Amino acid sequence: MCGRYAASRRPEDLVGLFGVEKWEPEETLAPDWNVAPTKSVHAVLERPLKDAADRRPVRQLRVLRWGLVPSWAKSPEGAARMINARAETVHEKPSFRRAFESRRCLLPADGYYEWVTGAQERELEEKGRRKRTRKQPYFVTPADGSVMALAGVYEFWRDPTLPPDHPQAWWATCSVITTEAEAEPFAQAAPSAEAGEPGPRSLAEIHPRMPLVLPPDRWAAWLDPAATDPAGLRHLLTPPPPGSVRAYPVATAVSDVRNNGPELLKELPAPEETTLF
């Protein structure tokens with residue numbers, strides 16, 4: 001899954017990286033090293049400019065709220081549960097189907113966080129005992145230091161409790177598409193808490209799901225609003241080649257959404273918990 005990620009790139013850099021034509025500086029978001037559900041995030045998308053005579057799609061950098069609210073929803077209460085859409089079913093689920101066909105986006109990220117359950121915790125879970133909360137966070141990021149473009153879908157929702165001209169009458173929300181995690185081994189195993197024993201050897205050993213990352217050669221096809229054939233679009237929902245990312249342990253401070261700063265991305269020589277792997 002994708003439940004937390006880091007997005008510290010400046011909008012000015014994203015404009016160049018993604019070939020953005022339209023960006024409103026007043027919508028600039030501060031760097032965020034601990035992006036959590038329901039937060040505002042930068043997204044790259046293509047659609048005609050509002051009230052423009054020229055109706056051609058324009059690549060834009062927009063601010064969306066993470067947690068999709070379907071256009072037909074009566075309220076936004078379920079947004080926090082709609083942060084992810086599965087690649088295997090996004091084309092058929094009522095909440096995502098229309099967005100998948102015509103409202104797709106890219107969510108720029110430094111990488112994403114995932115939590116690994118320690119050996120003792122896993123043993124307790126397997127025995128059916130109460131789950132403990134001690135988990136070690138790992139940060140997954142491009143091995144070459146490039147931007148990570150998460151595939152997403154977005155939607156617009158009209159708040160019926162507000163007048164049409166109210167500044168908050170319309171919500172623009174999004175979800176991250178996820179896929180099965182890579183089982184191919186990392187080029188270099190993640191650090192372990194115990195000498196001589198490897199840490200997670202693949203993304204699948206960290207979590208069975210991962211956000212779908214799209215390489216630059218698929219960006220144009222993914223963002224094209226004229227591409228509406230689900231069968232053709234699903235061909236784009238394949239993970240990048242194995243070996244394109246690395247994972248390393250970071251401080252458990254990231255587990256608290258109130259913590260936010262570049263120190264959250266600092267690589268630890270070994271996990272903080274001694275019960276892992």
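Valine 254 touches Arg4, Asn34, Tyr113, Trp115, Pro137 and Leu264, with residues up to four places away in sequence left out of the count. Valine 254 belongs to the segment that follows strand S13 (245-249), and its relative accessibility of 0% places it among the buried residues. The model described here is predicted. Its secondary structure consists of six helices and 13 strands, and 47% of its 277 residues count as buried.

- Valine 254 counts as buried because its relative accessibility, 0%, falls under the 20% limit.
- In sequence, valine 254 and tyrosine 138 are 116 residues apart; in space, their C-alpha atoms are 9.7 Å apart.
- The contacts of valine 254 include Arg4 and Asn34 as well as Leu264.

**The protein as a whole**

- Among contacts between residues at least 6 apart in sequence, 72% join residues at least 24 apart.
- The protein exposes about 13700 Å² of surface, and carbon and sulfur atoms supply 51% of this area.

**Strand S10 and its partners**

- Strand S10 covers residues 148-158, and nine of its eleven residues are buried, so this strand is largely enclosed by the rest of the structure.
- Strand S7 (residues 104-109) pairs with S10 in the antiparallel sense, over six bridges.
- Within this pairing, alanine 109 stands opposite methionine 148 of S10.
- S10 also runs antiparallel to S11, and seven bridges join these two strands.
- Tyrosine 154 has cysteine 174, in S11, as its bridge partner.

**Alanine 7 in strand S1**

- Alanine 7 is located in strand S1, which spans residues 5-7.
- With a relative accessibility of 23%, alanine 7 counts as partly exposed, because this value lies between the limits of 20% and 50%.
- Alanine 7 and leucine 29 are separated by 22 residues in sequence, while the distance between their C-alpha atoms is 9.7 Å.

**Threonine 38 in a loop**

- Threonine 38 is found in the loop that lies between strand S3 (32-35) and S4.
- Although threonine 38 is not a glycine, it has a positive phi of about 80°.
- Threonine 38 has a relative accessible area of 32% and is partly exposed.

**The largest pocket**

- The largest pocket contains about 980 Å³ of space.
- Its lining comprises 26 residues, and those nearest the centre of the pocket are Glu27, Arg62, Phe156, Trp170 and Ala172.
- Strand S2 (22-23), strand S4 (40-47), strand S5 (58-66) and strand S11 (170-180) each contribute at least two residues to this lining.
- The most is given by S5, which supplies six residues of the lining.
- By class, the lining of the largest pocket divides into 13 nonpolar, four polar and nine charged residues.

**The second largest pocket**

- The second largest pocket holds about 260 Å³ of space.
- This pocket is lined by 15 residues, and Ser146, Val147, Val213, Pro215 and Pro216 are the closest to its centre.
- Twelve nonpolar, two polar and one charged residues make up the lining of the second largest pocket.

**Cavities**

- The structure contains three cavities of 30 Å³ or more.
- The volume of the largest cavity is about 50 Å³.
- Tyr112, Val140, Met148, Glu182, Leu203, Met210, Pro211, Val213, Pro240, Ser244 and Val245 line the largest cavity.
- The lining of the largest cavity has nine nonpolar residues, one polar residue and one charged residue.
- Val213 lines the largest cavity and is also among the residues closest to the centre of the second largest pocket.

Methods. Residues numbered from 1 in each chain as written. Predicted model: local features only at pLDDT ≥ 70, side-chain atom pairs only at ≥ 80, totals over all residues. Heavy atoms only, no water. 1 Å grid on protein atoms, 1.4 Å probe; cavity = no way out; pocket = protein on both sides within 12 Å on 5 of 7 lines; lining within 4 Å. Points joined across faces, edges and corners; volume = space filled by probe spheres on them. Helix = DSSP H or I, 4+ residues; strand = E, 2+ residues; numbered from the N terminus. Nonpolar A, V, L, I, M, F, W, Y, C, P; charged D, E, K, R; others polar. Buried < 20%, exposed > 50% of the residue type's maximum accessible area, 1.4 Å probe, protein only. Contact = heavy atoms within 4.5 Å. Areas by Shrake-Rupley, 256 points an atom, 1.4 Å probe, with all protein chains shown as cover. Pairing = 2+ DSSP bridges.
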